[in-house]
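Thank you all for coming; I would like to walk through one model this morning, going from helix packing to the sheet and then to a few single residues. Please have the sequence and the structure open while I talk.

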Amino acid sequence: MAELPIPDLPPARCSGRFTISTLLAMEEGGRGPYTPTEGSSCDSVQPTHLSSSTLCTRTFGYNTVDVVPAYEHYANSKGVGDPRKSRPSLADLHSILKPDPGRLRTPVSDLQQSNGLPEAGPEAGLEEAEGEPGRDSVPEPVRFGWVKGVMIRCMLNIWGVILYLRLPWITAQAGIALTWLIILMSVTVTTITGLSISAISTNGKVKSGGTYFLISRSLGPELGGSIGLIFAFANAVAVAMHTVGFAETVRDLLQEHNSLIVDPTNDIRIIGVITVTVLLGISLAGMEWEAKAQILFFLVILVSFINYLVGTVIPATAEKQAKGFFSYRADIFAQNFVPNWRGPEGSFFGLFSIFFPSATGILAGANISGDLKDPAVAIPKGTLMAIFWTTMSYLVLSATIGACVVRDASGSLNDSMAMGSPGCEGLACSFGWNFTACTQQQSCRYGLSNYYQSMSMVSGFGPLITAGIFGATLSSALACLVSAPKVFQCLCKDQLYPLIGFFGKGYGRNSEPIRGYMLTYVIAIGFILIAELNAIAPIISNFFLCSYALINFSCFHASITNSPGWRPSFRYYSKWTALFGAAVSVVIMFLLTWWAALIAFGIVIFLLGYVLYKKPDVNWGSSVQASSYNMALSYSVGLSEVDEHIKNYRPQCLVLTGPPNFRPALVDFVGTFTKNLSLMLCGNVLIGPRKQKMTESQLMADGHTKWLMKRKIKAFYTDVVAEDLRSGVQMLIQAAGLGKMRPNILVLGYKRNWRTASPQSLEDYVGILHDAFDFKYGVCLMRMKEGLNVSRVLQAHVNPMFEAAEHPENGTGSRAAPDTGDPTTLASEQQASTIFQSEQGKKTIDIYWLFDDGGLTLLIPYLLGRKKRWGKCKIRVFVGGQINRMDEERKAIVSLLSKFRLGFHEVHILPDINQKPRPEHIKRFDELIAPFRLNDGFKDEATVNEMRQGCPWKISDEEVDKNRAKSLRQVRLNEILLDYSRDAALIAITPPIGRKGRCPSSLYMAWLETLSQDLRPPIILTRGNQENVLTFYCQ
């Protein structure tokens, strides 16, 4: 711990540890036994942003800036190092404490925070107020436990009309054995999904949004958003489906009593609209009333179950026997144990597709995650318990009704007969009933295979089964009516899609999405008025299955990425069972209705594509991010195991941009030919004291990365803090990159102000080029007539008195650049336009391949010419030669270029390259180097070295004389460039190399200046590291 200097204090203070009474006293009175009294202090220094009156109470009684672990330090943290309530920074603990009165905190507030006690006040918002005392400014919202909030809700949504009207018929068709298999197969999928939900929901704090929240925060906004939208819509249409199911049952009752309101179809519409309006009223009354209604429906269904089970043990009356019910009989059980397929749907998968929707509904509890007391406990416990009890109810119902009721019965009391009468076929004969005639004619109206209301017939009191059907349909409709707006509200707040934010507003203490309720109501009314949902039902089932598949895949994906952030407290899951559940869900989608599955996938892909295109600015720490890291790490390590080959050579560039927004042309040039091809790394050297510049570095990095992203440059940004420019570049050259993903070319801007800059900066600049060659780098210098550095223009908008940095045109470091690294400022900054962003048309790219550097001078223009903006440019290659051998040399170069397959067909030989330049140009060169000459009069080397002590950039007379031919060659080359390439779009030329220790920096810069001066197009001075980057072999 970072200890503070301690003055003499009373012995009772700042010693020992806290006790419960201490904490209570602090909370109630704001002052505890360790709180310094007025006039005393726990520390001897001036108050920092950590108030001196709380230094003791923030720890366990000792006088230190460090604090104990507390809830507030981790609450609502989004990024690494971005907590909501800050602990002392590393600088507070590691560096010298300085007074900072502007950052003082209120002592009472700190006292309440000490040891993790919650801070009073409403500013933390509703999300953090859950379960924390001391927040009375916001009304306490209604919260549900696992039974009332999840288990009952899921059971009601799972139970439906299929339980009452189709399960007996499925038992008759498939037999008890295969019916159990169908049930267990369906439940296997839902159980695996339940385990996946449990794992995801216990991996961190779950907020409102249910299924959408779980998938989007796990897999990211792309898949989460698409599933959230279709899942909310499916729930809204499911409201209409369940309501129409209820309305049809009521219509049938009215029809039996000849009491139709209008006609059968319009009666469904009228009853459906009235019903969904009543359900909307219950929902708008609040979650508490909705939960009470669900409990009422739950009790009605339980009573109907008990009524049915009681009915199975009551001795059968003659009327019930005529309809096929004979109480429990072993031979009935044996006959119904095996299948008896009938009709077009009489197949295993046909019946499976009918039953499976009755096993869904397990997401009803998760969908109201924001209204649960503890979602991490309630969702796993409630969902799995709901699956267990509903599965037991299905199995018991199938077995009991299969042991009581025969498959075929006439329902006529006249079919009774004496035991053992001849001419009777079938199991009912042994019970005194002859159903042979209707069985053979397939005209039986009753029995498990023919009568959907078998449960009602078996039960002790038939109307209770009807009440159970009402309870199942209405509870499912109500659950969907609540789920759809809750999921949609969370989706609206995330703003992934346009035009839906209006529906995300919440009202009341539970933040009820009233606008979402109204939208769901309108959608439900629309589908209720259709009154024919047989075509819509398969699509809805597929939407739900799509959600199951993605939930399982989310669990699998989060597990397989091995992210340290994946730490679910629910341990009873397996990544492989989750993957199996996802695959089975997809298979079932196509087994149910293949065309509906294709529609569901089409909608998901469309919505996925939209979010991928828009790229919303959200960061939820999804498993996709973790997977990207894993893949990058795996491939990077794998790349290190592969030997390099010339065919796979890529120009990986370390670009000395300084702040990238200062030199946009340099960034655009390199970004053009490296995009989707190779590595680009923007390097910046921050020159100055490390302590001061480290803070600047941390602030700048994020802003410059966002600037590159906004400019659509696929590059990395990195900076180093150094005492001088050259040592900083040496750090970058040696340390930049990872494994084989390391730069092999150093790209920097030409130093235009080399004549007026400080001699040391000139020496550093040329030294950087020598360092690059020492480390086997290729070098690429870029010069533009108007210069590269636009920092003066940028800063003029911020500070009219801005003074340019000491190295404004060297394409490297920065000394003072106020407001350049603020992420918001950089992201919103107007992007400077450069020549590399515009269409070049039918111009030329001229390559002067004067010296064989391995082919880099050819490769970079070739890569540039492959891009759309430069694609119409004609590439011309110029090489030196002798006038009497022009044809032979041209044929040799054309042959070599054709073997490289670069597509360069226009080759020019420069026979006059060794001619003497014009006198006025020679004179201009001499005037250029005159201020840097030593004028030693050709003295011996020892005398020259003594005269040059402290000024190594000076040029001796002997060095001028020895390099005279090379100097004149640069003058002549400039004349050639002006003659041939005045109107080119780009010039690429091989520059000379100055021998280290033998060519002064000023002389070398004079060569580069002379070579590239007075040219309108950008000129790229490219020199490879003398190793091949081109090959014409295939192995």
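Helices α34 and α35 are roughly parallel to each other, a label that is used for angles under 35 degrees, while those over 145 count as roughly antiparallel, 65 to 115 as roughly perpendicular and the rest as oblique. In numbers, the axes of α34, residues 964-980, and α35, residues 1001-1012, come within 7 Å and cross at roughly 20°. The axes here are lines fitted to C-alpha atoms, for helices over the stretch in contact, and the angles run from 0 to 180 degrees between N-to-C directions. Helices (H or I, at least four residues) and strands (E, at least two) are DSSP runs, numbered from the N terminus. The crossing of this pair, α34 and α35, is right-handed, in the sense that the near helix is turned clockwise from the far one by less than a right angle, anticlockwise being left-handed.

Which residues make that contact? From α34 they are K966, S967, Q970, V971, L973, N974 and L977, and from α35 they are L1003, W1007, T1010, L1011 and S1012, where contact means heavy atoms within 4.5 Å. Sorted by type, the residues of the contact of α34 with α35 comprise six nonpolar, five polar and one charged; Ala, Val, Leu, Ile, Met, Phe, Trp, Tyr, Cys and Pro count as nonpolar, Asp, Glu, Lys and Arg as charged, and the others, Gly among them, as polar.

Before I go on, a word on provenance: this is a predicted model, in which local features need pLDDT of at least 70 and side-chain atom pairs count only at pLDDT 80 or more, whereas totals for chains, interfaces and linings use all residues. Residues are numbered from 1 along each chain as its sequence is written, and side-chain values use heavy atoms, with hydrogens and water left out.

On the α8 side the contact is made by F233, A236, V237, V239, A240, T243 and V244, and on the α18 side by T520, I523, A524, F527 and I528. The residues of the contact of α8 with α18 divide into 10 nonpolar, two polar and no charged.

V244 and T473 are 229 residues apart in sequence, yet 8.8 Å apart in space, C-alpha to C-alpha. Leaving aside neighbours within four places in sequence, T249 is in contact with T466, I469 and F470.

Turning to the sheet, there is an open sheet of 10 strands in the order β3-β2-β1-β4-β5-β10-β9-β6-β7-β8, with mixed pairing, two strands being paired if DSSP finds at least two bridges between them. The edges are β3 (716-722) and β8 (906-910), each with a single partner strand, so one side of each is left without a neighbour in the sheet. From one strand to the next the twist averages 20°.

Within the sheet, β6, residues 844-848, runs parallel to β9, residues 986-989, and is joined to β9 by four bridges; D846 stands opposite I987 in β9. β6 also pairs with β7 in the parallel sense, over five bridges, and there the bridge partner of I847 is V877. What can be said about burial in β7? Five of the seven residues of β7 are buried, so β7 is largely enclosed by the rest of the structure.

N676, in the loop between α23 (664-674) and β2, has a phi near 55°, a positive value in a residue other than glycine, and at 60% relative accessibility N676 counts as exposed. Q1026, in the segment after β10, likewise has a positive phi, of about 70°, although it is not a glycine.

Definitions and conventions. Buried < 20%, exposed > 50% of the residue type's maximum accessible area, 1.4 Å probe, protein only.
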